[in-house]
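Look at the chain as a whole before turning to single residues. The paragraphs below go from the overall picture to a few local features.

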Amino acid sequence: MPQIGLVSAVNLRVQGSSAYLWSSRSSSLGTESRDGCLQRNSLCFAGSESMGHKLKIRATTRRLVKDLGPLKVVCIDYPRPELDNTVNYLEAAFLSSTFRASPRPTKPLEIVIAGAGLGGLSTAKYLADAGHKPILLEARDVLGGKVAAWKDDDGDWYETGLHIFFGAYPNIQNLFGELGINDRLQWKEHSMIFAMPSKPGEFSRFDFPEALPAPLNGVLAILKNNEMLTWPEKVKFAIGLLPAMLGGQSYVEAQDGISVKDWMRKQGVPDRVTDEVFIAMSKALNFINPDELSMQCILIALNRFLQEKHGSKMAFLDGNPPERLCMPIVEHIESKGGQVRLNSRIKKIELNEDGSVKCFILNDGSTVEGDAFVFATPVDIFKLLLPEDWKEIPYFQKLEKLVGVPVINVHIWFDRKLKNTYDHLLFSRSSLLSVYADMSVTCKEYYNPNQSMLELVFAPAEEWISRSDSEIIDATMKELATLFPDEISADQSKAKILKYHVVKTPRSVYKTVPGCEPCRPLQRSPIEGFYLAG
């Protein structure tokens, strides 16, 4: 694997007369001294062959360099994986190309879309590509929906959720390519890293070898990990997965009616496999535990990860989502004659006498008319606005079973650089936390050489969503004390909190419990000219 991928420079102000960056291996950047220290304009990483292991930054007064100016530090990412030739990516690229290649309409339709999350934004983008005139309405003053973010008084960003992009997401990867922003994804090493609750401060890794195709790279990653699962557990897990691997999509769809925990027991997989691996995976996928999550959700993810070589490879966005991802979509829409309107909250869906949509009435009393209408909001918001005349229609009745799950996103800025972290997404495996990352390392815009900012997903959150921010932070710090025993204590006698932000989403993605797959609606509704998206 190449030692250096994409390189971008950020400024580091040197505090004191000198700064050195140390590593057990040298990097090919900069000028190397005999003891492996790069004296200028360079960055070394600790670890072995890969560049994704712990970043060690140590100040020293030894061998001072006079008149040392601001030190240039480079953030080193892995090259973008070869996704463009995979079957799923080619299918996504072909489908999106049909919008651009379709005959231009003689009379473009004005299509009103509710919700400027990624579902609404992409709907508007592709309708604009097809020659129509989307009018995108967003209730809030910020783009992104579930990827929304805000800037605080210090100029720091805090987000609705901790988001990563898998190689197994062909539609979003294709969208990045069409917008010309592939370079805004920071790809990390092909690994999954889990904290070890039984060994505070230690991690266990599943490393996917680049030289092997799928599914062999995933199989070897599991076989090489001996900290989390014993060999008998691995064998029983593999045997339990055989029906899913051999049965294909039809088998996967048939598992919607059973929870992850019950499926594992039915297949003879030891409970410890569920506890060690699938509690963390369930919380990462849907913010709930495996006794509630439908097994279909897990199998869809596993299927992609096992079938595609780069399917489980992860990337972080290089900055805040509204500016780095959403604004390029808005600019594309507007360049083709579409509109994006913020602060346009819908109060009512006004109907014609035949039950079709006449217009959307906004909170300020204004109306927005169109030739067709699309709702791309969370399901709970749409259910609140559902017209009375539609509530007895089976298509809409099924939505009652789809209920958003609460989730909390926590950001904590510390007074120092934490050492026990990685340039990657980390699965906490704690009872209260799902995944987390040190965003001061993983994200270029948030990079800080002197202080860590941890972004953490607090889940399951049902019992915590109504509690105060201070209570949530206190509980988070207790969990972090087990992840960083040498650096963090619950009473802040070690690392001190400089500030924090807590973002609560009372109803996020719908709760994927057993039996809800048949309730997911098709995009085309029984109402003429009305559609759902997202």
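The model is predicted. Its chain has 534 residues, and 54% of them are buried. The secondary structure consists of 13 helices and 22 strands.

One part of the fold to trace is an open sheet of three strands. The order of its strands is β13-β14-β15, and the pairing is antiparallel. The edges are formed by β13 (346-351) and β15 (367-368), each of which pairs on one side only. Between β13 and β14 (residues 357-362), which run antiparallel, there are five bridges. As an example of residues facing each other across strands, I349 has F360 in β14 as its bridge partner.

Rolling a probe the size of a water molecule over the atoms shows where empty space is left. The count here is seven cavities of 30 Å³ or more. The largest cavity has a volume of about 100 Å³. Which residues line the largest cavity? The lining is made of V147, E159, H163, F165, F316, L317, G319, P321, L325 and M439. By class, the lining of the largest cavity has seven nonpolar residues, two polar residues and one charged residue.

A loop residue, I527, comes next. I527 is located between β21 (497-505) and β22 (530-532), in the loop that links them. Is I527 buried or exposed? Its relative accessibility is 11%, so I527 counts as buried, because buried means under 20% relative accessible area. Neighbours within four places in sequence aside, I527 is in contact with G355, S356, W390, I393 and F396. One of these, G355, is 172 residues away from I527 in sequence, while the C-alpha atoms of I527 and G355 are 7.4 Å apart in space.

Two peptide bonds in the chain can be looked at together. A214 and P215 are joined by a cis peptide bond with omega of about 5°. P215 sits in the loop between β10 (203-207) and α4 (216-224). Another cis peptide bond joins A459 and P460, with omega of about -5°. P460 belongs to the loop between β20 (453-458) and α13 (469-483).

F287 is a residue other than glycine with a positive phi, near 65°. The position of F287 is in the loop between α7 (271-286) and α8 (295-307). F287 has 15% relative accessibility and therefore counts as buried. Q492 is not a glycine either, and its phi is positive at about 65°. Q492 lies in the loop between α13 and β21.

Definitions and conventions:
Residues numbered from 1 in each chain as written. Predicted model: local features only at pLDDT ≥ 70, side-chain atom pairs only at ≥ 80, totals over all residues. Heavy atoms only, no water. Helix = DSSP H or I, 4+ residues; strand = E, 2+ residues; numbered from the N terminus. Buried < 20%, exposed > 50% of the residue type's maximum accessible area, 1.4 Å probe, protein only. Pairing = 2+ DSSP bridges. 1 Å grid on protein atoms, 1.4 Å probe; cavity = no way out; pocket = protein on both sides within 12 Å on 5 of 7 lines; lining within 4 Å. Points joined across faces, edges and corners; volume = space filled by probe spheres on them. Nonpolar A, V, L, I, M, F, W, Y, C, P; charged D, E, K, R; others polar. Contact = heavy atoms within 4.5 Å.
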